[in-house]
Amino acid sequence: MRRIVIIIIVVLTMMTVNSQTLTERQKGLAACACLMAQGDLDRLEPAVKMALDNGVTINELKEAFSQLYAYTGFPRSLNALGVLSKVLENKQTNWQEGKPWTRPAEWDDAKAAYELGKKNQIQLSGRAFDYEFCPQDDYYLKSHLFGDIFAGDQLSHADREIVTVAALSGLEGVAPQLAAHKRGAVNMGNSQELVDELCAWLDSDGYTLRSKWPKGDPNTAYAKYFTGNSYLADVGGGMMNVTFEPGCRNNWHIHHKAVQVLICVAGRGWYQEWGKEAVELKPGVVIAIPAEVKHWHGAAKDSWMQHLTYHKDVQDGASNEWQEVVTDDVYDLLR
């Protein structure tokens, strides 16, 4: 009987760990890291206020923005700290200063910093990691990033990886590093479920939308013709900006007696005509869709996408004809 009880306790404990979910505090850290990495200071300011309201301390944000200089560069780190300083000019009573900052002992002992960094790097990577191709970077990683920086006690190792994964999610061209840090986030104490939830949340709430174009309002009027969520913003001149969340696409449809023009301005997606291969949409790609051609367009699975759209050569009686959904067996063939 005692053995059965022990087994039940172990199972319940494992279920509790595996059901770990993202807290509002962690969302605050992640949002700030993602926007800081993009250099989006306009969106960063309200995100900083949100983080402070949700329990992230002032000193934790200082530590997060300082750490991320190693991933995003000093200019963006300093700009983010400038935003934090500006926000604190109107400091709210519920915002916490947090644990007092103390100078890590490793900063005065290069060998100790190197050994700490080596230990942290092994834990994060799950194995010994030596970058022999470039000894300079190997030393910087061990001694400075995982040594000096990780020696600070404002953030736990688990929180540091949430911050790093969120920042890398906001950058382009860093897919190998993002994949490595997703694994490292688990090795540093986060559950796989939490890391997956983190990345999904950053996408669903638009933080990984790397764009200066407005996201707009939910496209409720046409929602029944879309798989996933889309947003509309009137940018003037008869032109609309359409934002697709990752995986979102519209149904097959036809524009009768009008040519539709698409201009991709952010992210990555797809355009496909009936019976033809799909065309990848990236910023700068322009598609002129002839009248009477059955087609669909939308975002890639792993990326937001925005395109401007307008109609030209519009004739009397022009209309849109919405047809069947783009099924998963069609969409899933695209990479």
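L202 touches A30, C34, A166, S169, Y207 and T208, leaving aside residues up to four places away in sequence; a contact means heavy atoms within 4.5 Å. The model is predicted, so local features need pLDDT of at least 70 and side-chain atom pairs count only at pLDDT 80 or more, while totals for chains, interfaces and linings use all residues. Residues are numbered from 1 along each chain as its sequence is written, and side-chain values use heavy atoms, with hydrogens and water left out.

L202 is also one of the residues that touch the most other members of the largest nonpolar core, which has 51 residues. Such a core is a set of buried Ala, Val, Leu, Ile, Met, Phe, Trp, Tyr and Cys residues joined through side-chain atoms within 4.5 Å. Buried means under 20% relative accessible area, exposed over 50%, and partly exposed in between (1.4 Å probe, protein chains only). The largest share of this core, nine residues, comes from α2. A second, separate core of twelve residues includes V242, L281, I287 and A299.

V242 has H307 in strand β12 as its bridge partner. Strands (E, at least two residues) and helices (H or I, at least four) are DSSP runs, numbered from the N terminus. Strand β4 (residues 239-244) pairs with β12 (residues 305-312) in the antiparallel sense over five bridges; two strands pair if DSSP finds at least two bridges between them. Six bridges join β4 to β3 (residues 230-236), also antiparallel, and D234 stands opposite M240 in β4. Five of the six residues of β4 are buried, so the strand is largely enclosed by the rest of the structure.
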